[in-house]
Amino acid sequence: MAEALPVLWQAEWCPFSSAVREVLTELGIDFVARQVEPWPDERQRLRDAAGSDLTPVLETEDGRIFRGTREIFAHLREREPWQFDAAHRRRFADHRDARETDVPGQLIEYFRGTDELESGEGTPAEAEVLDVPEKNRYELRLGDHLIGLAAYRRRNGRIVFTHTEVDEACSGHGFGSRLAEAVLEDARRQGLEVVPLCPFITGYIESHPEYEDLVPASYRDRLNVA
């Protein structure tokens with residue numbers, strides 16, 4: 001028989017739902033995410049199940065209902081955490097800059113096909129990398145075409161890379177490496193420490209250990225440097 005799982009009535013854009021999902025992650029609790037309609041007056045299913053039309057609502061494995069973050073958190077404090085709770089809390093703190101930027105929005109635009117990136121004709125050597133601080137990103141351009149970007153957050157002598165993306169038609173042809181090399185060289189030139197939250201930048205540093213010294217010691221032990 002399938003294992004009974006708690007059900008979280010939630011919406012991705014709801015910050016209260018997001019907070020509950022983080023706590024469930026820290027506690028190691030698998031759950032079913034139940035989507036809700038956009039507006040409270042449309043949520044008849046939720047009202048029938050929980051007597052409320054506000055998110056989040058948690059229905060436990062034994063059918064108990066907890067409404068709102070305070071009720072849910074009071075219940076979850078009674079749960080035993082798993083062995084990775086401290087590590088997840090650390091990663092949550094590490095990713096503060098990613099949460100405060102619009103990385104999810106950028107990825108959603110890619111899914112919807114409304115992102116800014118487009119293909120271009122040329123080689124990685126011909127591509128130009130520009131820092132656009134008003135948009136908190138580096139841009140990779142071939143002529144007038146924006147073919148890639150590296151989003152960042154700059155604070156207290158550090159630059160935190162949160163998301164790197166290259167147009168799908170240009171992917172696999174060395175353009176991402178051109179972008180990564182340029183932004184890391186620019187960080188070195190400016191004397192900035194580099195926090196690579198973006199998996200692509202992390203992977204580039206791991207395969208190019210000459211940039212490892214840019215990474216703060218507290219993050220360096222998480223790199224798998226070749």
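A pocket is an open set of points, on a 1 Å grid over the protein atoms alone, where a 1.4 Å probe fits, with protein on both sides within 12 Å along at least five of seven lines; its lining residues have an atom within 4 Å of a point. This is a predicted model, in which local features need pLDDT of at least 70, side-chain atom pairs count only at pLDDT 80 or more, and totals for chains, interfaces and linings use all residues. Residues are numbered from 1 along each chain as its sequence is written.

Select Ser 18, His 95, Ala 98, Arg 99 and Pro 104: of the 22 lining residues, these lie nearest the centre of the largest pocket. Its space is about 680 Å³, a volume being the space filled by probe spheres set on the points, which are joined across faces, edges and corners. Next show helix 1 (15-27), which gives the most to this lining, five residues. Helices (H or I, at least four residues) and strands (E, at least two) are DSSP runs, numbered from the N terminus.

Move to the second largest pocket, of about 220 Å³. Among its lining residues are Arg 91, His 95, Val 195 and Tyr 219. Helix 4, strand 9 and helix 8 (199-207) each supply at least two residues here.

Now select the open sheet of five strands, order 5-6-7-8-9, with mixed pairing; two strands pair if DSSP finds at least two bridges between them. Strand 5 (128-132) and strand 9 (193-196) each have a single partner strand, so one side of each lacks a neighbour in the sheet. Finish at Asp 131, whose bridge partner in strand 6 is Tyr 138; strands 5 and 6 pair in the antiparallel sense over five bridges.

Methods. Side-chain values use heavy atoms; hydrogens and water are left out.
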